[in-house]
Amino acid sequence: ASILLIPEIALLFKRGDSLRFQIWAATIADWQECGLLLGCGAGFKSQHVIAGLGEIRHPHNIFLALGVYNGLISLSIFIVLMSVTLYRAWRNHDSWGLYLAVALFCLCFDGSKLITNPDELWLLIFLPAALIVNRRAPLPIPQSKYVQIPEQSKKIKKRSKNFVNKS
C-alpha cells in the first residue's frame, strides 16, 4: 500500500486497463458486423463511443486491428508468417527471435495498422523478422589440395621421415 503513495505509481493504478477491454469488445463487434473473413477495410472508422473515452481511434491490439481492417485471411497469414519466423529463430538460436516475441506480445496491448507510414512497427516487427529470415547458415569451408586433412598430414609426415632417413 505504501507504493501507492508515489504519485506516478498511483496514476498507473488509477488508469488501470485504459478501457482496453471495452475497446476490444467494440472492435470485435465491428468486425463481426463487417464480416469476419474480409474485415471492414483499411479505411474503416468505428462508430462506437465509450463513456469516459469518446470515440475509438484504433483497436489498441495489432491482431484485432489486422482482423477488423483486413479480415481473418490476412490475420491468419500474419500469424503463420510470425510463427514460422519465430520457429526459425528458435531453431537457429537467433536472439532476434526473443526481441520479435516480446514485440508481438507488447503489440497485444497497442497497435493500429500494420502497414502505414514508417513507424515503430517497422522496428518492432519488420526489422527483426527480416533479420531472422535472412540469416543464413555459415558457408562450408571448401576442401582443396592446399588444405591438409589429418590423414593427408600423416602421409606427409611418413614421407618426410623417409626422406630424412635416406639423406
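**Entry 1: helix 5**

I began with helix 5, which has 15 residues and reaches 21 Å from its first C-alpha to its last. I noted that this span is close to the 21 Å expected at 1.5 Å a residue. The model I am reading is predicted.

I then looked for a bend along the helix axis. Helix 5 bends by about 30° at phenylalanine 126. I recorded that a proline, proline 128, follows within four residues.

Next I asked which residues of helix 5 are buried. I found Leu121, Ile125, Pro128, Ala129 and Ile132 to be buried. An α-helix has 3.6 residues a turn, so residues three or four places apart point the same way. I also looked up the packing partners: the buried residues of helix 5 pack against helix 3 (62–91) and helix 4 (96–106).

**Entry 2: leucine 124**

I turned to leucine 124, which lies in helix 5 (residues 120–134). I asked how leucine 124 counts by relative accessibility. Its value is 25%, and leucine 124 therefore counts as partly exposed, because buried would require under 20% and exposed over 50%.

I listed the contacts of leucine 124, leaving out residues up to four places away in sequence: Tyr99, Leu100, Ala103 and Leu107. I also checked leucine 104, whose C-alpha is 7.9 Å from that of leucine 124. In sequence, leucine 124 and leucine 104 are 20 residues apart.

**Entry 3: a nonpolar surface patch**

I looked up the surface next and recorded a nonpolar patch formed by Leu37, Leu38, Leu72, Ile73, Ile77 and Leu81. Together these residues have about 580 Å² of accessible area.

I followed one member of the patch, leucine 38. I located leucine 38 in the loop between helix 2 (20–34) and strand 1 (49–50). Leucine 38 has 61% relative accessibility and so counts as exposed.

**Entry 4: the whole chain**

I closed with the overall description. I counted six helices and two strands in the protein. Along the sequence, I read their order as α-α-β-β-α-α-α-α.

I asked what share of the 167 residues is buried, and I noted 26%. I recorded an accessible surface of about 12,500 Å² for the protein, with 66% of this surface belonging to carbon and sulfur atoms.

Notes. Residues numbered from 1 in each chain as written. Predicted model: local features only at pLDDT ≥ 70, side-chain atom pairs only at ≥ 80, totals over all residues. Heavy atoms only, no water. Buried < 20%, exposed > 50% of the residue type's maximum accessible area, 1.4 Å probe, protein only. Contact = heavy atoms within 4.5 Å. Patch = residues over 30% accessible without salt bridge, like charges linked within 9 Å, V, L, I, M, F, W, Y side chains within 5 Å. Areas by Shrake-Rupley, 256 points an atom, 1.4 Å probe, with all protein chains shown as cover. Salt bridge = Lys/Arg side-chain N within 4 Å of Asp/Glu carboxyl O. Expected span 1.5 Å × (residues − 1). Bend = angle between axes of the 7 residues up to and from the residue.
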